[in-house]
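Hi everyone, thanks for having me. Let me put the structure up, and we'll walk through a few spots together.

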Amino acid sequence: MRRRQAGAALLTAMIIVTLVATLASAMVWRQYRAVQVEAAERARAQASWILLGALDWARLILREDARANQTSPVDHLGEVWAVPLAEARLSTFLAATNSSDAAATDAGPEAFLSGGIIDAQARYNLRQVLGDPTERALEYRVLERLCDSAGAPQGTAALITTQLRGALALPVDTASAALPPKNLDQLQWFGLGADTIARLRPLVTLLPVITPVNLNTAPRELIAALFDGMDLASAERLVQLRRDAPLRNVQEIKPYLPEGAVISSERVSVQSNFFIVNGRLRLDERVLEIRSLVQRRGLDVLVLDRQRVSPAPDVTAAF
């Protein structure tokens, strides 16, 4: 009887120890998980504030550029705003600005900031297909040439044109029209694949209003697509010309255009008011990337849209 009682007591003690160990491990895991979530949220908030400061810095650069160009409003790739920021250690930058606290900043987390400003008007604004009805056939041909240059699937230009005119043109049948997209990524609502949008992104954009293409910043593929009969060789010569001396007015491109080509200030320009600010922060093992669309109105720079971007594994420092 005593042996049976001793065995039952031992078994009960083992069960109690097992239960206590299980509960303790569960509590430790929950505590660890809460700490990890709190740390991730804190890092995300810190990164967002840093990138917000970087956006304000970019706005200041654009404002100073506008102030410097008040007498001759020309935007080109030789200006300060067009120089990308290579990945730089943020703590080192803070230590340089405050040498008395260098040891404290070096002891902080590893944070690296990079990014750049891109001229949004260096890309073809898809709202052009909603412009003057007499020019819609030309704009469709431009978009078709751009889709072919980007390697987009057949019918992409027709799909974009039809859907945009149905979603953005007025008046619109709200019962059958698609939701109006606000940025290029939302073209997936029209049935475009993510790969197709990625192919088109270097050449096209979607801005709130109709805008001309800046010939000082546009790539040769876009310049060649803007004019019927123009080839890449002529567009390349124009690109080489502007590297030595930026275009001061659109009439300077006449020698490079096919005979009979019409230069319209509604379609081409040498200045820009819309810019894309890309910011990327690498904090320890976390990466936060934000793309912002800003508009310059005189000396004011307004933020129109901000998107969080999911960076690919091979994302470069400035994009």
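This is a predicted model: local features need pLDDT of at least 70, side-chain atom pairs count only at pLDDT 80 or more; totals for chains, interfaces and linings use all residues.

Now, who is the partner of F275? There is one aromatic pair in this structure. It joins W81 and F275: the ring centres are 5.2 Å apart and the planes meet at 70 degrees, so we call the pair edge-to-face. W81 sits in the loop between α1 (2–68) and β1 (85–89), while F275 belongs to strand β7 (residues 274–283), so the pair ties together parts that are 194 residues apart in sequence. W81 is buried too, with a relative accessible area of 2%.

Next, follow β7 into its sheet. Five strands make up an open sheet, in the order β1-β2-β7-β8-β9, with antiparallel pairing. At the edges you find β1 and β9 (300–309), and each of these pairs on one side only. On average, neighbouring strands of this sheet are turned by 20 degrees against each other, ignoring direction. Between β7 and strand β8 (residues 286–297) there are 10 bridges, in the antiparallel sense. As one example to look for, I276 stands opposite L293 in β8.

Last stop: L143, in helix α4 (residues 136–150). This residue is buried, at 0% relative accessible area. What does L143 touch, leaving aside neighbours within four places in sequence? Its contacts are Y124, L126, V129, A157, I160 and T161. Take V129: it is 14 residues from L143 along the chain, and their C-alpha atoms are 8.5 Å apart.

Definitions and conventions. Residues are numbered from 1 along each chain as its sequence is written. Side-chain values use heavy atoms; hydrogens and water are left out. Rings of Phe, Tyr and Trp (its six-membered ring) pair if their centres lie within 6.5 Å; planes under 30 degrees apart count as stacked, over 60 as edge-to-face and the rest as tilted. Helices (H or I, at least four residues) and strands (E, at least two) are DSSP runs, numbered from the N terminus. Buried means under 20% relative accessible area, exposed over 50%, partly exposed in between (1.4 Å probe, protein chains only). Contact means heavy atoms within 4.5 Å. Two strands pair if DSSP finds at least two bridges between them. Axes are lines fitted to C-alpha atoms, for helices over the stretch in contact, and angles run from 0 to 180 degrees between N-to-C directions.
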